[in-house]
Amino acid sequence: MPDDNWYATRCVFEFDNLDDNPVYEERVTLWRAPDFDTAIALAETEAEEYAEDLCAFTGLVQAYHLFEAPGHGAEVFSLMRNSTLSTDDYLTRFFDTGDERQSSTRTPG
């Protein structure tokens with residue numbers, strides 16, 4: 001593989017919160033690397049630096065090989081999961097629990 005492959009990695013971090021419930025952050029970062037292992041190693045190093053004195057790095061790193069260089073509208077991460085849940089139940093369970101820190105939630109339908 002050439003050294004100019006692009007990889008997106010997703011790392012998960014845990015922050016302390018005033019109400020004793022942790023806050024989790026998912027970060028997606030982009031890396032040029034010759035292979036998955038190198039991209040993951042780069043992401044882990046960056047994640048540890050990011051977390052230093054700020055939060056805890058959970059150790060979870062997922063990587064995705066981009067099929068093309070990043071650009072306008074390029075797919076930068078994909079994770080597929082099998083599920084028997086209905087669409088609404090799936091979105092509620094994994095993406096719209098009500099505890100997300102976002103300005104608004106758009107639901108299908």
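Me: Helices (H or I, at least four residues) and strands (E, at least two) are DSSP runs, numbered from the N terminus. On that basis, where is Asp53 found?

Reply: In the loop between α1 and β3, with β3 covering residues 56-65. Bear in mind that this is a predicted model.

Me: What is the phi of Asp53 near?

Reply: Near 60°, which is a positive value in a residue other than glycine. Most residues other than glycine have a negative phi.

Me: Back up a bit. How many helices and strands does the protein chain have?

Reply: Two helices and three strands. From the N terminus on, the elements run β-β-α-β-α.

Me: And what does the C-alpha trace span along its principal axes?

Reply: About 45 × 40 × 25 Å. The protein chain has 109 residues, of which 23% count as buried. It exposes about 8100 Å², with carbon and sulfur atoms supplying 47% of that area.

Me: What share of the contacts join residues at least 24 apart?

Reply: 54%, taken among contacts between residues at least 6 apart in sequence.

Me: Now charges. How many salt bridges does the count come to?

Reply: Two. In one of them Glu26 pairs with Arg10, and their closest N and O atoms are 2.8 Å apart. Glu26 is in strand β2 and Arg10 in strand β1, so this pair links distant parts of the chain, 16 residues apart.

Me: Which end of that pair is buried and which is exposed?

Reply: Arg10 is the buried end, with a relative accessible area of 15%. Glu26 is exposed, at 52%.

Me: Why does Arg10 count as buried at 15%?

Reply: Because buried means under 20% relative accessible area, and Arg10 has 15% relative accessibility.

Me: What else does the side chain of Arg10 make a polar contact with?

Reply: The side chain of Gln62, at 2.6 Å. Leaving aside neighbours within four places in sequence, Arg10 is in contact with Glu26, Arg27, Val28, Leu60, Val61, Gln62, Phe77 and Leu79.

Me: Which side chains meet in the other salt bridge?

Reply: Those of Glu46 and Arg27, at 3.1 Å from N to O. Glu46 lies in helix α1 and Arg27 in strand β2, so the pair ties together parts that are 19 residues apart in sequence. Both Glu46 and Arg27 are buried. As a rule, side chains of opposite charge can pair when their charged atoms come close.

Me: Change of topic. Which residues make up the largest nonpolar core?

Reply: Ten residues: Cys11, Phe13, Phe15, Val23, Trp31, Ala43, Ala47, Ala51, Cys55 and Val61. Strand β1 (5-15), strand β2 and helix α1 (36-51) each supply at least two residues of this core. In soluble globular proteins, nonpolar side chains tend to be buried together.

Me: Take Val23 from that list. What does Val23 touch?

Reply: Phe13, Glu14, Phe15, Asn17 and Arg101, not counting residues up to four places away in sequence. Of these, Phe13 and Phe15 are also listed in the core.

Me: And Trp31? Which side chain makes a polar contact with it?

Reply: The side chain of Thr29, at 2.8 Å. Thr29 has its place in strand β2, which covers residues 23-33.

Me: Is Thr29 buried or exposed?

Reply: Buried, because its relative accessibility is 14% and the limit is under 20%. Not counting residues up to four places away in sequence, Thr29 touches Tyr7, Ala8, Thr9 and Glu46. That Glu46 is the one in the salt bridge with Arg27.

Me: What about the surface? Which residues form a nonpolar patch there?

Reply: Val28, Leu30 and Val76, with about 210 Å² of accessible area together. Val28 is found in strand β2.

Me: How does Val28 count in terms of accessibility?

Reply: As partly exposed. That class lies between the 20% and 50% cut-offs, so Val28 falls in it at 45% relative accessibility. Val28 is also one of the residues in contact with Arg10.

Technical notes. Residues are numbered from 1 along each chain as its sequence is written. This is a predicted model: local features need pLDDT of at least 70, side-chain atom pairs count only at pLDDT 80 or more; totals for chains, interfaces and linings use all residues. Side-chain values use heavy atoms; hydrogens and water are left out. Buried means under 20% relative accessible area, exposed over 50%, partly exposed in between (1.4 Å probe, protein chains only). A polar contact is a pair of N or O atoms within 3.5 Å; within protein, one must be able to donate a hydrogen and the other to accept it, and residues adjacent in sequence count only if both atoms are side-chain atoms. Contact means heavy atoms within 4.5 Å. Patches are made of residues with over 30% relative accessible area and no salt bridge: like charges are joined within 9 Å, nonpolar side chains (Val, Leu, Ile, Met, Phe, Trp, Tyr) within 5 Å. Accessible areas come from the Shrake-Rupley method with a 1.4 Å probe; for residues, only the protein chains shown count as cover. A salt bridge is a side-chain nitrogen of Lys or Arg within 4 Å of a carboxyl oxygen of Asp or Glu. A nonpolar core is a set of buried Ala, Val, Leu, Ile, Met, Phe, Trp, Tyr and Cys residues joined through side-chain atoms within 4.5 Å.
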